[in-house]
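I opened the notebook to record what I looked up, one topic at a time.

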Amino acid sequence: MESQNPDEAKRQAAAAALELVKPGMRLGLGTGSTAAHFVALLGARVAEGLRVTCVPTSERTRIQAESLAIPLMPPDFNRLDLTIDGADEFDPQLRLIKGGGGALWREKIVAAASKRMVVISDASKAVATLGKFPLPIEISRFGYEATRAAIVREARICGCEGVITLRKGPDGAVLTSDSGNYLLDCAFGAIPVADELAPRLSAIPGVVEHGLFIGLANAVISAGKDGIKIYGHLG
Ligand code: 5RP
């Protein structure tokens, strides 16, 4: 088969995920270019009469969903049936790195509130060991240098070293999340013990949330030049 445009692969994964959506479902809508394909396709189905109610994981996704007249729940939502979201990396145990789009805190809240989370991805996101993609961590602006130092200490215990940068925009200004927090990107190269690093990061007071999603994804729909591949169980 010919090599494939990654954006077309993302669209194909999103189209496959749309088949999981049933009338009346309460859905979590992810953030990023792959999730945006899903929201666009869902919007077309809603325009045809599909009834669903959704929670967006970012302001970006909320604006897109509203533009497509997708019904949204208020922020005090509780149980969701299904969340469809992208990822920056996934490993064979369906552990994820997320947060490249800066929405990881809301994404994790929504995923954790969902009966099922299905990740949509192009094939380039599959890795044997997490960590090639810099791990995003959302932190409090208050005391951020102290929090960064604590992250360095805990990461080192888990065999992770690398440059940790404060996320900035193209104009050099520090970026903040939708919730007004800073974002650190930790270029560890590899995270040998993600299961150990995750609780250590969560225990640091200034860490709002980290981008390791462990035990949350039920399946990954990955599209590439060889077609669609399913990891885990869709239903
Ligand atoms: C946003 C995310 C995204 O899911 C992740 O960055 C993947 O993005 P894309 O679909 O654009 O490759 O975690 O916070």
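The entries below cover a sheet, one of its residues and some salt bridges.

I am working from a predicted model, in which local features need pLDDT of at least 70 and side-chain atom pairs count only at pLDDT 80 or more, while totals for chains, interfaces and linings use all residues. Residues are numbered from 1 along each chain as its sequence is written, and side-chain values use heavy atoms, with hydrogens and water left out.

**The sheet.** I looked up the strands (DSSP runs of E, at least two residues, numbered from the N terminus), taking two as paired if DSSP finds at least two bridges between them. Six of them form an open sheet of mixed pairing, in the order β2-β1-β3-β6-β12-β13, and the edge strands, each pairing on one side only, are β2 (53-56) and β13 (227-232). Strand β3 (residues 80-85) runs parallel to β6, with five bridges between them, and I84 stands opposite V118 in β6.

**S114.** I found S114 in strand β6 (residues 114-122). S114 has a relative accessible area of 9% and is therefore buried (under 20%; exposed is over 50%, partly exposed in between, with a 1.4 Å probe and protein chains only). Neighbours within four places in sequence aside, S114 contacts R79, L80, L82 and T83 (heavy atoms within 4.5 Å).

**Salt bridges.** I noted 18 salt bridges in the structure (a side-chain nitrogen of Lys or Arg within 4 Å of a carboxyl oxygen of Asp or Glu). One of them joins R167 to D185, with the closest N and O atoms 2.8 Å apart; R167 lies in the loop between β8 (163-166) and β9 (182-187) and D185 in strand β9, so the pair ties together parts 18 residues apart in sequence. Both R167 and D185 are buried.

How values were computed:
Helix = DSSP H or I, 4+ residues; strand = E, 2+ residues; numbered from the N terminus.
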